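Here's a quick briefing to read alongside the picture. Keep the sequence and the 3D view open as you go.

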Amino acid sequence: MRGGALGRLWRGELPLADAFWTWAVAIGLIVNGSTSIACYALLAADRPVAALIVGYLVSVPYNIVVTVGVLRSTRREDADPLLARVVRVAIIPVMILLSLT
């Protein structure tokens, strides 16, 4: 995870607002929503192993990378202090919830 935006996210190099709103909220909804839909479709097709792989082995690693990156971004000097406090409290429970659904 050296270069690119995902690497910068992981290292906490992105501004907090970008890390949170773009990567955790917007892209996170797309990743978690699409993997949940695919998981349910595979379960309906009686493919539980494929459902497990699609449902968790795609979204959980993404959620871990985003959680770490967003938490690292809260330590940036240019981070809004109020947003940083709210994110530090909320990001882990929210990402766990997204990973379980």
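## A residue to start with

D46 counts as exposed, at 64% relative accessibility. (Buried means under 20% relative accessible area, exposed means over 50%, and partly exposed is in between, using a 1.4 Å probe and protein chains only.) You'll find D46 in the loop between α2 and α3. Its phi is near 60 degrees, a positive value in a residue other than glycine.

Before going further, note that this is a predicted model, where local features need pLDDT of at least 70, side-chain atom pairs count only at pLDDT 80 or more, and totals for chains, interfaces and linings use all residues. Residues are numbered from 1 along each chain as its sequence is written, and side-chain values use heavy atoms, with hydrogens and water left out.

**The whole chain**

- The chain has five helices and zero strands, so the pattern along the sequence reads α-α-α-α-α. Helices (H or I, at least four residues) and strands (E, at least two) are DSSP runs, numbered from the N terminus.
- Along its principal axes, the C-alpha trace spans about 50 × 30 × 15 Å.
- Of the 101 residues in the chain, 36% are buried.
- The accessible surface comes to about 6000 Å², and 72% of that belongs to carbon and sulfur atoms. These areas come from the Shrake-Rupley method with a 1.4 Å probe, and for residues only the protein chains shown count as cover.
- Take the contacts with a separation of 6 or more: 66% of them are between residues 24 or more positions apart. Contact here means heavy atoms within 4.5 Å.

**α2 with α3**

- Helix α2 (residues 16-44) and helix α3 (residues 48-56) pack at an angle of about 175 degrees, with their axes 8 Å apart. Axes are lines fitted to C-alpha atoms, for helices over the stretch in contact, and angles run from 0 to 180 degrees between N-to-C directions.
- That's why α2 and α3 are roughly antiparallel to each other. (Angles under 35 degrees count as roughly parallel, over 145 as roughly antiparallel, 65 to 115 as roughly perpendicular, and the rest as oblique.)
- On the α2 side, T35, A38, C39, L42 and L43 meet P48, A50, A51, V54 and G55 of α3.
- By class, this contact has eight nonpolar, two polar and no charged residues. Ala, Val, Leu, Ile, Met, Phe, Trp, Tyr, Cys and Pro count as nonpolar, Asp, Glu, Lys and Arg as charged, and the others, Gly among them, as polar.

**The two sides of α3**

- Which residues of α3 are buried? They are A50, A51 and G55.
- The buried residues of α3 pack against α2 and α4.
- The face turned away from the buried side carries the exposed residues V49 and L52.

**α4 and its partners**

- The axes of α2 and α4 come within 10 Å and cross at roughly 170 degrees, and α2 and α4 are therefore roughly antiparallel.
- In this contact, residues of α2 including F20, W23, I27 and V31 meet residues of α4 including Y62, N63, V66 and V70.
- The contact of α2 with α4 divides into ten nonpolar, six polar and no charged residues.
- Helix α4 (residues 59-73) also pairs up with helix α5 (residues 81-100): their axes come within 10 Å and cross at roughly 180 degrees. They're therefore roughly antiparallel too.
- Among the residues making that contact are V60, N63 and V66 of α4 and R88, I91 and M95 of α5.
- The contact of α4 with α5 divides into nine nonpolar, three polar and one charged.

- Not counting residues up to four places away in sequence, S73 touches G12, L14, L16, A19 and A79.
- A17 sits in helix α2 and is partly exposed, with a relative accessible area of 41%.
- A17 and A79 are 62 residues apart in sequence and 7.7 Å apart in space, C-alpha to C-alpha.
- Leaving aside its neighbours within four places in sequence, A17 is in contact with T22 and L83.
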